[in-house]
Structures are given as C-alpha cells and as structure tokens.
Amino acid sequence: MNILVRFSMVGLIWVSGAVALHGQAGQRVKDALGLSADKGGKFKICPAQAYDQDAPEPALSTASMSAGVLDGYRLFRSKCGQCHSLNQSATKSEASVHDWTNMVFRMQDMPSSHMSETQSKAIVTFVVWQADYSNDLVKTLMAFDKDGDGKLSKSEVPERMQGMFDRADTNRDGMLTPEEIRKYAEAQDPSLAAASGNCGPDHQTKK
Amino acid sequence: MSVSFALVLLTLTQTNLNAMPQYSRRYNVKCSACHTIAPVLNEMGYMFKRLGYHLPPALSKGQKAPTISDLVKAEPQWNMADNFAIAVADFSFQLTRNTQEGASSASASGFQVNVWNNYAGGWVPNTNFFYLAEFDIITNGVVSPTLTNAYFGYAGGNAKSNWYLAGGREHLQIGEGTRAAGVYSLMPASPLMFETVSPTSFIFDQSPVGLDAGYTWASDGYKNVLALTGKVTNGDNADGSEILGLSSKHAKDVWVDADWWFAPESGVTFLDYYGAKDQTQNSGADSQFTYRATIRRQGLFANYMIANKVDVLGGYMRSKDDWQSVAGTGGGYFRANDYYGEANYYVTPKLALSGRYDVLEQRITGGPGREAAHEWSAAVNRTFTRSGAIIGRLGYSYLSGRDPVGAVKSTNRLVQADVLFNF
C-alpha cells in the first residue's frame, strides 16, 4: 500500500507539472507559428490561434442576440466547440465576413464536422456578429476589470492581449481607461487586418 | 483449466490505449477534435493517423486535394514539447467481488495509479516519414517499464487517396477499425470481447513486430471513407513467446481489415486474422508435447451515430483455434462466438452515458459442450476541463459464466472509478 501511495504522490506531482506545461502551450504555439498561411498559393492551412483551450472564454449575453444569432451561437458551441474554444472567434475580430464564410465552409468539409450547409450559414451569422461584438474593444476589455475600479491594470488583461495593452496605454501609467481603449480602437485600420485574416482557398459554392 | 478461467475474470483490466495529448497542443485544438471522449477516436482522429499524423484538410468539391507533402509543409514548426506526452495517467479506485463454484467468494478494493504512459509521436520534420513510440511505466497498477509500440512509417498520395507503409513493433489493432471494432472504449474496464478468455490464451490485441500497409480513400467532405489495412508480423523475439503463453517458436500472423466510415461518425469494419505457432501442451509434465496450431478470428462490427447524440454499436467475432490436450489426438478445436451490443448517449459533448452487453459462447473438444459467459456494463464519462484533457469515469460491470473445459461457474462484479489525465 505504501508503494501505491508513493506512486500516487509521484504521479500527482508529475501531473501538476504537466498541467503547467499544458497551460503554456498556447503561447508556445503562438511563438512557433511564425509561418506563412499561404504555401505557394496551392494549399493553405489556418495557423492555430494563440489561445489556450482551457483559458476562460469571453462572457456572451444571449439576451442581446437575435434569433438567428442565437441559433448560430448554439450551433457554434455544439459543432465548432468540438475542437475550438469560443476564443477562436473572439481573437479573430479582424476577419471579414468573406473570411469567416471561407473558414466555416472549410470546416464543413473536415471529417467529424457534422455540419450541413444551412448550419454553416447560421454559424457564419454568429461569428460575424461576435466579431463585431469583439470589435467593441471597450466593452470586451472592460469585462476584465476584476476590481471594478473603472480602469484596467496589465495584470487584469489576459496574456494574449497584453501586447495591445502596451500599444493602447499612451500615457504609460500602466492603466488603461475606457477613453484610451476607444482611441486605440479608432486608430486601427480594419482593412489591413481583414486582408491578413484570409485563410484558405475561396469556398466553392455548394449545389 | 477452470482455475485459469477464474483468474481471467479476476484480471479483467483496461486495455492499454490512451489519447495522445501532444497533438492537441501542437494544433491548439481540444481533445474532442479527434475523440468523442478520449480515448474513443472519431473519424477525424482515424484520418489523422491514416495521413501519417497530419490533420486532415478540408476536402471541398471541385478543389484539388493537398498531397501529404503539402500537409508536411503546412505543419507548425517541429518542437519537442508538441511531439511528446509525458503524463498520460489514470488514477483508479476498484472494488471487486468474485465467486466461483466450490470456493468461497472474495472481495478486494484499492486505489492505485493504474496507468502511466509516455508517448512520442508525429512526423519527421520536412519529410513524409512518421513515427510513434509508447513507453509505459505503469500498467494495470504495476510498475513495469515497457516499450509497447515503436514504429516508423512513410505516407504518400494525397488527402483523398493515400497510402502508408510502416514497420516496427505495433499493436495489431491500434487506430484500426471503425468505432465498433476499436479496442478504445468508454468503459473503464476493457470489454469482454477483447480480453483473453479462451483456453488457448490467445490475446486479441497483441504486440508482435512486423510490417503494416494501408490504403485510404475519402470522398468530398469525408462523407465516405474506405480503408484497407494489412499486417504481417512475427512473434516478439521471433520465438512466439507473446503470441501464446506456452509457445516456443515459429509464430506468424496475418491481419487484414476493411473499414468504411460514413458521415456522420458511422461505420462498418470487417477483419480477418490468421495466426500459426508451435503450441506446447502440458509444459513440464511427462506428457508434454508440441503441435502446430492455427488460430483464426473473423469479425464484423458496425456503429450508427444518431443525430450526433446516440451512438449504437454492435459486433460479432468468430474464433476457431486448433486444440490438442493429448499428444497424437489431432482434429480438436476451440470455437467461440462473441457478440456485443452497446449504446452511448452523449448528453453533452462532455458527458456520455453508456450501456453494453457482451455474450461469449465457447466450446472445446473434450469439454462439456457449449458454455457461455455474459457481461453487463454501464459507465458514465465526464470531462472536467474545456480542453477535455481530464476525464472522470465511473463504471460497473457484472460478468458471469462457465468455462468451456470444466463448466465451473464464476462471477465477477466490478466497480471502477477513475480519473484520466492526458498531458
């Protein structure tokens, strides 16, 4: 029995270390994926997004969704959610409607997608809605204001957004106010971001 | 012989197969990208292996399918952490109660580290070569470091029509077969069909060394996938010691299976196995003798997924082994027919309820006639993390039957609760 207990402890310590390793994986993948999404124009594959599958997902209020968006949201959770966190769409707010249509319909043609064309269209409706939702940086970022002081400290912002934090913190006081976030959002050029968000060949219209 | 049968009942254990989480890290997807609930593979996971450990791309109508070389070029940069899994572990509590005619019943309980496996798997950078190595440190609660699998392979063709050739040490059934034929199961304890229950001690999922070749064809959107696999193997150390317990040499086996997946997540598998070896009987006794035995298995398995919620599975396997208990008395056989039915209800993608029934009919030359063993099993599987890397399982099974040699009745009740970590 002592041997069993001893191995249990060793196992727990081992697993604890492995959990920590898993938590760092998202950033490591981000670092590792400095690769082009376009391979000679013949075949493109979506690079993995820099998020961790166990990271908290953004809070979405279904009350603010229309019936069509809500339908798409439920489908996203049941279909796309098989492989992807909700962060997948939240972190691709720069993608255009065209990009989203390409991506979702490509997913439909993957094994185990279980998606019909009608369902894919509904999912596109949701992710486009969420992309707009996520573009409202003030609302999205202020959701991380854990102490409720109306400002964001760097420690309150998820790691994946800290690069943006530095760029938005124009007065370098280590805090972001809603006004600073708003100015940062206005300074962005969405057309450049949309161009870089294209992933995969154009979707062929299905008959 | 009745004693050995009872021991088999006592040692029903988890088949030593698990999810390999390095792939989830590499592509930053949830475990459920390739599993319904780990370790049960879905079609994506099946295709991942068939393509030489590359994620299957979208196969859209009218578009050229990428070649395996294209997939290699599109892979993320190779790094150690995304090719190794160092803590695939199962912490288990088991409570068992066994009875046997003519003996007093016995109960046992205990907590143990049931499994601790390590994996290395993936592709050789910038090539079509792939590899898999599995090093098990703890198996069934026993510290027993073993290199269970170690093989290299090469994949060619494109995502729609591809082939592979692999060689090395490989469990016969790893990654083969549609879901009903796979040894992967939602049951914490391994199903009766894939256990060692015959008097000839044949182990269905064995680990010899050999060659493995396969061809896979997929239609647009993977609506249909057809796959053929053939394996030719020699016994470990070429002496057959892992083919049958008392074997000494000249063990050979051939395995063929044909799989058909049809969307969504349904499939049919036919498999055929032929083995031959020198079987030593009555080892150590004056009556010891050796004869050349052949071992045959044919199986047909199918599952149908309803509304991506309810998976109905079933299968049949026929066994026929040469059998001699006395030297010079040729013409004896061990025969068995094994049937099972199972239903898995995925309440949510993270929660599944399962029920299963197995029946195994056996008879052997010189024995009392046809004897049967029945097993009822139920299980709950629940993932505890968004990624699906930690899974809790609770299972119960009741097995009863008579052995085909002495017709001694035995029963086994097993309650098993475990937590499976995939890191």
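Leaving aside neighbours within four places in sequence, Lys30(B) is in contact (heavy atoms within 4.5 Å) with Gln53(A), Gly81(A), Gln82(A), Cys83(A), His84(A), Ser85(A), Ser24(B), Arg386(B) and Ser387(B). This is a predicted model, in which local features need pLDDT of at least 70 and side-chain atom pairs count only at pLDDT 80 or more, while totals for chains, interfaces and linings use all residues; side-chain values use heavy atoms, with hydrogens and water left out. Residues are numbered from 1 along each chain as its sequence is written, and chains are lettered from A and ligands numbered from 1 in the order in which they are written.

**Lys30(B)**

- Lys30(B) belongs to the loop between helix 2 (22-27) and helix 3 (43-50) of chain B; helices (H or I, at least four residues) and strands (E, at least two) are DSSP runs, numbered from the N terminus.
- The relative accessible area of Lys30(B) is 9%, so the residue counts as buried (under 20% relative accessible area; exposed is over 50%, partly exposed in between; 1.4 Å probe, protein chains only).
- A polar atom of the Lys30(B) side chain lies 3.1 Å from the backbone oxygen of Gly81(A). A polar contact is a pair of N or O atoms within 3.5 Å; within protein, one must be able to donate a hydrogen and the other to accept it, and residues adjacent in sequence count only if both atoms are side-chain atoms.

**Helix 3 of chain B**

- Helix 3 of chain B is largely enclosed by the rest of the structure, because eight of its eight residues are buried.
- These buried residues are Glu43(B), Met44(B), Gly45(B), Tyr46(B), Met47(B), Phe48(B), Lys49(B) and Arg50(B).
- Their cover includes helix 2, strand 4 (142-157), strand 5 (161-169), strand 6 (209-218), strand 7 (224-234) and strand 8 (252-262) of chain B.
- At the start of the helix, a side-chain oxygen of Asn42(B) comes to within 3.0 Å of the backbone nitrogen of Met44(B).
- Gly52(B), which follows helix 3 of chain B, has a positive phi, near 75°.

**Aromatic residues and charges**

- Rings of Phe, Tyr and Trp (its six-membered ring) pair if their centres lie within 6.5 Å; planes under 30 degrees apart count as stacked, over 60 as edge-to-face and the rest as tilted. By this rule there are 19 aromatic pairs over all chains.
- Phe48(B) and Tyr53(B) make an edge-to-face pair, 5.8 Å centre to centre with 85° between the planes.
- Phe48(B) is buried at 3% relative accessibility, and Tyr53(B) is buried at 3%.
- One aromatic cluster is formed by Tyr23(B), Tyr27(B), Phe48(B), Tyr53(B), Phe130(B) and Tyr164(B).
- The charged end of Arg356(B) sits over the ring of Tyr340(B), 3.6 Å from its centre; the rule is NZ of Lys or CZ of Arg within 6 Å of the ring centre and within 35 degrees of the ring normal.
- The charged end of Lys320(B) sits over the ring of Tyr333(B), 4.3 Å from its centre.

**Chain B as a whole, and confidence**

- Chain B has four helices and 16 strands, and 59% of its 423 residues count as buried.
- The average pLDDT of chain B (the predictor's confidence in each residue, from 0 to 100) is 85, and 88% of the residues score at least 70.
- Residues 1-15 of chain B stay under 50 in pLDDT, and the model has 37 contacts for them beyond four places in sequence.
- For the complex, the predictor gives an ipTM of 0.76 and a pTM of 0.78.
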